[in-house]
Amino acid sequence: MVIKILGSGCTNCKKLEELTRKAAEELGIDATIEKVTEVPDIMAFGIMSTPGLVVDDVVKMAGRVPSYDEVKRLIAGAA
Amino acid sequence: MDVFAPLQWLSDWLTFDLIGLARTSKAGLAVNFFLYDVPKVLILLAVVIFFVAIIRSFFPPEKTRKLLSHSRLYAGNVAAALLGIVTPFCSCSAVPLFIGFVESGVPLGVTFSFLVASPMINEVAIILLFGLFGWKIAALYVVSGLFIAITSGIIIGKMGLESWVEEYVYQIRMGDAGELPEQTWPDKLAYARSYVGEIVGKVWPYVVVGIGIGAVMHGYIPDNFLVKYAGPDNPFAVPIAVLVGVPLYSNAAGVIPLVSVLTEKGMAIGTVLAFMMAVVGLSLPEAIILRKVLKPKLIAVYFGVNAVGIVAIGYLFNAVLH
């Protein structure tokens with residue numbers, strides 16, 4: 001599974017990345033977590049508000065830092 | 001009944017009984033003001049931000065973009081300014097937002113109406129003004145913010161400044177995110193709670209400093225002291241207030257507690273509103289961020305049109321309200 005964190009490096013993006021790493025670990029998901037930081041690349045996913053969460057090239061969430069539980073559901077549902 | 005009466009009681013008790021300051025002394029007035037206003041504003045903030053976070057979850061920027069694409073001058077400007085109030089906007093998303101709007105065919109002038117309204121008409125400011133000064137001032141603020149956002153967007157649209165946008169903006173192609181998983185109500189509530197913590201955690205120093213300045217002015221500066229300098233008879237007061245306000249970067253929550261103190265000390269209401277809008281709506285950090293997508297000439301026009309609009313609103317209110 002490839003999880004992408006979209007965001008140009010603001011604090012919220014870092015928060016989302018941390019939550020995602022933790023969630024993937026707890027769920028035992030073998031995921032590669034990549035960061036997408038360039039604006040054109042972020043927008044290619046069709047979102048304008050960051051941070052964004054993309055699981056296997058499907059946009060799951062954009063524009064906020066979700067709760068830990070929600071992150072778990074978002075990445076687990078895709079497995 | 002005033003829901004904040006217990007806070008007033010607590011502040012009175014702390015100031016006059018526990019600390020033992022005299023009720024009419026300057027220090028007593030200042031400390032009493034501070035101890036009452038800080039918790040009051042923080043409570044108001046927490047409540048407002050909670051509901052704002054929930055309301056905003058229904059207006060993601062991607063939806064706003066769809067609504068505004070291929071909109072026209074005038075009607076589009078009005079819609080953009082109104083959506084600017086509710087669409088979440090943080091300066092860190094200003095660049096992708098701008099590109100996304102332009103890419104989907106939102107006219108430049110309409111995009112600017114949104115960009116002006118979004119920071120300037122701030123929900124937190126609306127509720128704080130309502131809570132601290134009543135609905136009239138809050139309504140004045142919203143109406144004037146909308147007016148500035150709509151007219152400045154129309155002016156920029158009419159000027160045909162598309163070539164003053166950085167060229168690469170027109171080359172970016174946006175993908176389609178498809179349907180995002182629905183955010184459930186428990187998710188919305190959990191998010192709103194954490195958002196309250198995040199925002200209050202970030203803005204409380206502004207609140208404390210803003211109210212601190214207000215408290216000192218309240219206690220130590222004689223009433224009507226500012227009439228001579230910033231009263232309705234000084235024609236330069238409004239532009240000066242705007243010039244002072246632009247470099248002062250503060251959160252709405254830090255400036256608004258000053259509004260009552262400034263008026264109490266004799267600053268004309270239009271001048272105070274102009275000052276507040278300049279602080280909240282025209283910020284240098286935002287200009288620096290927008291530089292990534294706008295050529296300097298367009299940033300200058302954006303700031304210039306905005307500043308003129310704010311000054312005009314200031315004069316208008318000074319003339320109409322005495």
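**View 1. The crossing of α6(B) and α8(B) is right-handed.** A crossing is termed right-handed if the near helix is turned clockwise from the far one by less than a right angle, and left-handed if anticlockwise. The model is predicted: local features need pLDDT of at least 70, side-chain atom pairs count only at pLDDT 80 or more, and totals for chains, interfaces and linings use all residues. Residues are numbered from 1 along each chain as its sequence is written, while chains are lettered from A and ligands numbered from 1 in the order in which they are written. Helix α6 (residues 108-120) and helix α8 (residues 135-159) of chain B have axes that come within 7 Å and cross at roughly 155°; axes are lines fitted to C-alpha atoms, for helices over the stretch in contact, with angles from 0 to 180 degrees between N-to-C directions. α6(B) and α8(B) are therefore roughly antiparallel to each other (over 145 degrees). Among the contributors to the contact are B:Phe112, B:Val116 and B:Met120 of α6(B), together with B:Ile148, B:Ser152 and B:Lys158 of α8(B); two residues are in contact if their C-beta atoms, placed from the backbone, lie within 7 Å. By class, this contact comprises twelve nonpolar, six polar and one charged residues (Ala, Val, Leu, Ile, Met, Phe, Trp, Tyr, Cys and Pro count as nonpolar, Asp, Glu, Lys and Arg as charged, and the others, Gly among them, as polar).

**View 2. Chain B meets chain A through 24 of its residues, which contact 22 residues of chain A.** On the side of chain B that touches chain A, the elements giving two or more residues are α3 (61-68), α5 (94-103) and α10 (185-220) of chain B. α5(B) gives the most, with five residues. By class, this side of chain B has 15 nonpolar, five polar and four charged residues.

**View 3. A:Ile5 lies in strand β1 (residues 2-6) of chain A.** Helices (H or I, at least four residues) and strands (E, at least two) are DSSP runs, numbered from the N terminus. A:Ile5 counts as buried because 22 C-beta neighbours lie inside 10 Å; the cut-off for buried is 20 or more other C-beta atoms within 10 Å of the residue's own. The C-alpha atoms of A:Ile5 and A:Gly52 are 5.8 Å apart, although 47 residues separate the two along the chain. Beyond neighbours within four places in sequence, the contacts of A:Ile5 include A:Leu16, A:Ile33, A:Val36 and A:Leu53.

Note on methods: Angles under 35 degrees count as roughly parallel, over 145 as roughly antiparallel, 65 to 115 as roughly perpendicular and the rest as oblique. A residue is buried if 20 or more other C-beta atoms lie within 10 Å of its own, exposed if 12 or fewer, and partly exposed in between; C-beta atoms are placed from the backbone.
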